[in-house]
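Good morning. Please have a look at the model on the screen before I go through it.

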Amino acid sequence: MNNLVRDLRGEHGWSQADLAQKLDVSRQTINAIETGKYDPSLPLAFKIARLFGMPIEMIFVPGEE
Amino acid sequence: MSRLSEKQYTRRAMVAMALYTAFMLLAWPLVRTTTSVPLKVCLALAPVVPMLYVISLMFRRIRDSDELEQRMHLVGLGVATAVLGTLSLIAGFLSAAGILKLDGTVLIWVFPVTVICYGITRWWVSRRYGADAACDDDAAVPRYVWFLLGGCIGLATAWFSRHSLDDMSEGFLCGAGAGFLGMGLISGITRWQRRRQVHD
């Protein structure tokens, strides 16, 4: 799954540590989500969408199958 | 109860491990020579106290983990259980067949083997999820320092307890200590190379 988390984080001027603290997860988890190595659970994905004020489907895009 | 930071967790675990080492070096040699049974029991179980604290720290760390960390803990603990179960099975059958002579002291190694297997597996899984030197910078103590410390503790324990240890235990401690020192050197050199690449 592709996502825009890194781009959105950059727009807000947050570091990975800042975003991790806001979402109450570890920095490694943020890094793994941004690099596409880990797809977040639904609750975490909704939390991310709520934080950035965007619909979840605009942030997370299914990858090519 | 708030989540412990990496620094808090590491500091508390290191204090507990230092206490454990002190008990092993100072209290354990007295166990065999003490005649009083209650005192013998207290001395024999003294190292268990800091270990129970370390186990409680591990429980708290896993409980407070986020979803990705819990997945890595699960894989690490699963592999550790499988490895320990396999080793126990092999040793049990060899002992029952009279090929391997085992006594109760082998049980002391159950927890260390579990922790080592869990640690190695968790490290490998975290690399799969993109953990690298950058994430290691968050750690209060870099990984290579842990390995070097473990190696020094192992070799020091072997040296100071050499008169009370049997050949197998002493050999194991020396081998494990040397292995940890080697891993510390490799880890430290790898970290230094990665940092050089980042700054170049």
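A residue is called buried if 20 or more other C-beta atoms lie within 10 Å of its own, exposed if 12 or fewer do, and partly exposed in between, with the C-beta atoms placed from the backbone. By that count A:Ile30 is buried, because 29 other C-beta atoms lie within 10 Å.

Some housekeeping. This is a predicted model, in which local features need pLDDT of at least 70 and side-chain atom pairs count only at pLDDT 80 or more, while totals for chains, interfaces and linings use all residues. Residues are numbered from 1 along each chain as its sequence is written, and chains are lettered from A and ligands numbered from 1 in the order in which they are written.

A:Ile30 sits in helix 3 of chain A; helices (H or I, at least four residues) and strands (E, at least two) are DSSP runs, numbered from the N terminus. What does A:Ile30 touch, leaving out residues up to four places away in sequence? The list is A:Gln16, A:Leu19, A:Ala20 and A:Val25. Touching, or contact, has a cut-off: the C-beta atoms of the two residues, placed from the backbone, lie within 7 Å. For A:Pro55, 25 residues from A:Ile30 along the chain, the C-alpha separation from A:Ile30 is 19 Å.

Next, the helix pair around that residue. Helix 2 of chain A, residues 16-23, packs with helix 3 of chain A at an angle of about 110 degrees, and their axes are 8 Å apart. The axes are lines fitted to C-alpha atoms, for helices over the stretch in contact, and the angles run from 0 to 180 degrees between N-to-C directions. That angle makes helix 2 of chain A roughly perpendicular to helix 3 of chain A. The words have cut-offs: under 35 degrees is roughly parallel, over 145 roughly antiparallel, 65 to 115 roughly perpendicular, and the rest oblique. Helix 2 of chain A contributes A:Gln16, A:Ala17, A:Leu19 and A:Ala20 to the contact, and helix 3 of chain A contributes A:Arg27, A:Thr29, A:Ile30 and A:Asn31. By class, this contact has 4 nonpolar, 3 polar and 1 charged residues. Here Ala, Val, Leu, Ile, Met, Phe, Trp, Tyr, Cys and Pro count as nonpolar, Asp, Glu, Lys and Arg as charged, and the others, Gly among them, as polar.

Between helix 2 and helix 3 of chain A there is a loop, and A:Asp24 is found in it. Is A:Asp24 buried or exposed? A:Asp24 is exposed, because 11 other C-beta atoms lie within 10 Å. Its phi is near 60 degrees, a positive value in a residue other than glycine.

Now the two chains together. In the interface, 12 residues of chain A are in contact with 10 residues of chain B. Helix 3 of chain A, residues 27-34, gives the most to the side of chain A that touches chain B, with 5 residues. That side of chain A divides into 4 nonpolar, 6 polar and 2 charged residues.

On to chain B. It has 9 helices and 0 strands, and its C-alpha trace spans about 60 × 35 × 35 Å along its principal axes. Of the 200 residues in chain B, 10% are buried. Chain B is divided into domain 1 (1-64), domain 2 (65-130) and domain 3 (132-195), with bounds that come from an automatic or database domain assignment. The centres of domain 2 and domain 3 of chain B, taken over C-alpha atoms, are 19 Å apart.

One helix pair in chain B deserves a slide. Helix 5 of chain B (residues 67-96) and helix 6 of chain B (residues 110-128) pack at an angle of about 135 degrees, with axes 8 Å apart. That makes helix 5 of chain B oblique to helix 6 of chain B. Their contact has 13 nonpolar, 5 polar and 1 charged residues.

B:Ala18 is in helix 1 of chain B, residues 6-26, and counts as partly exposed because it has 13 C-beta neighbours inside 10 Å. B:Ala18 and B:Ile153 are 135 residues apart in sequence and 9.1 Å apart in space, C-alpha to C-alpha. B:Pro38 is in helix 3 of chain B, residues 37-45, and counts as exposed, with 8 C-beta neighbours inside 10 Å. From B:Pro38 to B:Gly151 there are 113 residues in sequence and 34 Å in space, C-alpha to C-alpha.
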